[in-house]
Amino acid sequence: MGKVRFRGGMCRKDGKDITKEKPIMVLRPKNDTVYPLSQHIGLPARPIVEVGDSVLVGQRIAEASGVVSAHILSSVSGRVKAIEERKTASGEWCESIVIANDGAYRTIDGFGEEREYAGFSKAEIRACIKDAGIVGLGGVGFPTHVKLTPKNEDSIQYVIVNGAECEPYLTADYRMMLEDSEKLVGGLKILLRLFENAKGVIVLDKRNKACIRDLSALIKNEPRIVLKKIKGTYPQGAERMLIHKVTGRKLNSSMIPTDVGCVVNNAGTVLAVYKAVAESEPPVSRVVTVSGNLFTRPHNFLVPLGTPMEELVAAAGGLGKKPGKIVVGGPMTGRSPDSLNVPVTKQTSALLVFSKDEMRMTKESPCIRCGRCVAACPERLVPMHLFKMAERSDKKKFADRGGMECCDCGACTYVCPAGKNLAETIRQTRRSILDERRKR
Amino acid sequence: MKNMTEVPAFPHIRSKETTATMLWDVVIALAPAALFGVYRFGLIALIILASAVATCVLLDFVCNKLRKRSYTGYEPSAIVTGLILGMSLYPEVPYWVPVAGGAFAVLLVKMLFGGLGKNILNPAVAALIVTFGGLRQFVQPPVVQTAEEVGLLDNFLGFKEGTIGGVSTFLLLLGGLYLVLCRVISLRIPFFYLLTFAAFTVVFAVITKNEVPDVQELASFFCRDGLLLGAFFMATDTTTSPMTGKGRIVYGILLGLLTGVFSVVTKGGHEVLYGVLTGNLFVRLIDRLTYPRYFGKGQKAKL
């Protein structure tokens, strides 16, 4: 593990102070919950309940419909009200199951019971994870059981737990790691049983002293687990950056972590694995940071999946002013729905609402070649150049200049003093190139 | 609750820094040295500065209006050009010289190439070279003083004859450091520029005169009229300097060498201007040669 320095990134106040010291609060709403069938990468799940069926907490309501897909479980008890198209945070309409919540939160048999998992085989552990419908809780939602089943499991040398949570404002992972540090280590130990040759690495932001203290004490007698402290400036928690920092190995866009012997999981995902395997408690709820300058009581909430955002807003004290912008997820890569009537899904790490004056909405001005985007890009690209190629729709040159390597972190747009939508333009061009390649 | 917010592209938060705030910072950084010039040389210096700035701002405004471009957000760009131009002139120049210089800078060097961000040469520097070259009989330096005559402290503080804004090494250094601390410019270009230029001068002195300059000589070297104005404000103009960190180091070194050569070749001074202008021509080449290798390029699956 040589000393590797991060390049790129940005410097700023990250807004985490607002909710950093707010303990996780359990929220149990009484209203309808909505479960989009596509909460993960891959094929949407297939509903296995019908309108009118009564369901319990933890009951499977939709089934994985392919290799890369995940089950969806009910997070409340009640009755299936409808199976219809509902709007999601990304602004798209998605087939969803709507459950009328009876507010009793009756669970299925065996929910939350401790399990003697020490004797479980690898296949049994993977089955537990699959049954629990666990997907990556960090961002894109890759089904975890698929990630944990690489072609050659002996070649995995590092199981990396991403606890860097480098997106501004987010404190959900931090609170989880702090309040459930034993379970985090327990989850990592379960993952290490799947990969005998691997070392477990928990990556933390070095500013999170409390987490570091607790976890260091817990792993004192764990020879296979180490902590790695990194500078948590965005976007250093991005997968490729993280692997580079931990192993010194570099990945490009055509490679996946297992190519360099790594499996990377978000801290929340590892925690979910522990709860699913050891406590028979699949992740039917998740921690959501509710923050931004408009809330009177910003907080970290543990909410059932499917809860509409409006409930979170109410729990956080309501909005003082007319919102300028709603963001679901981190402020850098999250989605911005046009209303609060969208549900919490497996990937919802935060609900942020900002007032209009908090957003900078300057008019675009000409590029003066200041080079800020070049310095900020973690993939060492030249965003302003790619932007020009994209505007001219010179796709060949765009790809030659590494445009396909962009990791969509948005750092270039953040720093651009000319107010150009660099990242969005580059993303669109990249997608259209990918589409063309797929057609061929 | 439909359509209650605007939904522009990600990321959803932006840095507070804009092109305008960056350029205003440059104006702030230039101000002390310019004001010192006014204090030192009197009202005439103020008139020269004001007419240079006014010419640039007015022409920039008119051109943008004619081209039907929005003009909001980058007004200070013309102020910076005008200030650097005015500050590099001697207080004795006729009143129309800053106007002519400003017009040349904005119309021919900036607008002809497409306006803000498109020019290849630094407008102020190019205009100054044309002024000093073409209008030679009007812009001669009044009195040439040697470093010994002035004394080191006065030399550093700017109590000497010279250009309006170029004399106060101290205040220019202060302004330059302000820009570095505000992260408007990086230290790379000025640092490597000054280092290389100094090293060139020392080596040249050793080779030709076979003597090593002493500390006093070196100190007065850095206090020469206009050197810091060039290093911190002309060479770091983002439009006419490379975009990568590596490129900026190369550029700084190149500028140092060019300035060194010009200081030997041209007896009439202005080597900083010649150095920067010649360096401008290499910027696109340096950009191409130092184009970064993207992360993970050429990597293959190891396992």
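Which residue of E8(A) is the bridge partner of A:Glu85? In this predicted model, the partner is A:Glu95. Strand E7 (residues 78-87) and strand E8 (residues 93-101) of chain A pair over 9 bridges. The sense of this pairing is antiparallel. Both strands sit within an open sheet of 4 strands in chain A, with the order E2-E8-E7-E4. Pairing in this sheet is antiparallel. Strand E2 (33-36) and strand E4 (54-55) of chain A form the edges, each pairing on one side only. Strands of a sheet pair through backbone hydrogen bonds.

Strand E8 of chain A also holds A:Asn101. Is A:Asn101 buried or exposed? The relative accessible area of A:Asn101 is 10%, so the residue counts as buried, the cut-off being under 20%. Two polar approaches involve its side chain. A polar atom of the A:Asn101 side chain lies 2.8 Å from the backbone nitrogen of A:Gly103. The side chain of A:Asn101 also makes a polar contact of 3.4 Å with the side chain of A:Tyr105. Beyond its neighbours within four places in sequence, A:Asn101 is in contact with A:Pro29, A:Lys30, A:Asn31 and A:Asp32 as well as A:Val76 and A:Ser77.

A parallel pairing occurs elsewhere in chain A. Strand E9 (residues 158-163) of chain A runs parallel to E12(A), and 5 bridges join the two. Within this pairing, A:Val161 has A:Asn265 of E12(A) as its bridge partner. Strand E12 (residues 262-266) of chain A is mostly covered, with 5 of its 5 residues buried. In a regular strand the side chains alternate between the two faces of the sheet. On one side of E12(A) lie A:Cys262, A:Val264 and A:Asn266, and on the other A:Val263 and A:Asn265. Both faces are covered.

Helix H11 (residues 383-391) of chain A is another enclosed element. Of its 9 residues, 7 are buried, so the helix is largely enclosed by the rest of the structure. These buried residues are A:Pro383, A:Met384, A:His385, A:Leu386, A:Phe387, A:Met389 and A:Ala390. They pack against four helices of chain A: H10 (372-376), H12 (395-400), H13 (411-415) and H14 (422-439). Just after H11(A), A:Ser393 adopts a positive phi of about 45 degrees.

The largest nonpolar core contains 69 residues. Which of its members touch the most others? They are B:Leu30, B:Leu83, B:Met87, B:Phe233 and B:Met234. Helix H1 (residues 19-41) of chain B gives the most to this core, with 11 residues. Sequence neighbours within four places aside, B:Leu30 is in contact with B:Val80, B:Leu83, B:Ile84 and B:Met87, and also with B:Leu229 and B:Phe233. Another core lies apart from this one and holds 44 residues, including A:Leu188, A:Cys211, A:Ala278 and A:Val287.

The two chains share an interface. The size of an interface is often given as the accessible area lost when the parts come together. Chain B and chain A bury about 5,300 Å² between them. Carbon and sulfur atoms account for 59% of this area. B:Phe10, B:His12 and B:Phe295 supply 18% of the area that chain B buries against chain A, more than any other three residues. The contact takes in 76 residues from chain A and 49 residues from chain B.

Polar links also cross between the chains. There are 20 residue pairs in polar contact between chain B and chain A, both at pLDDT 80 or more. H1 and helix H13 (271-289) of chain B each supply at least two residues of the side of chain B that touches chain A. The largest share of that side, 3 residues, comes from H13(B). The count of salt bridges between the chains is 2. One salt bridge links the side chains of B:Glu17 and A:Arg372, at 2.7 Å from N to O.

B:Thr239 also touches chain A. This residue is found in the loop between helix H11 (227-234) and helix H12 (245-265) of chain B. B:Thr239 is buried, with a relative accessible area of 4%. Its contacts, leaving aside neighbours within four places in sequence, include A:Ile368 and A:Arg369. B:Asn122 is 117 residues away from B:Thr239 along the chain, yet their C-alpha atoms are separated by 7.9 Å.

Methods
Residues numbered from 1 in each chain as written. Chains lettered and ligands numbered in written order. Predicted model: local features only at pLDDT ≥ 70, side-chain atom pairs only at ≥ 80, totals over all residues. Heavy atoms only, no water. Core = buried A, V, L, I, M, F, W, Y, C linked by side-chain atoms within 4.5 Å. Buried < 20%, exposed > 50% of the residue type's maximum accessible area, 1.4 Å probe, protein only. Contact = heavy atoms within 4.5 Å. Pairing = 2+ DSSP bridges. Buried area = accessible area lost by both parts, 1.4 Å probe. Salt bridge = Lys/Arg side-chain N within 4 Å of Asp/Glu carboxyl O. Polar contact = N/O pair within 3.5 Å; in protein donor to acceptor, adjacent residues only side chain to side chain.
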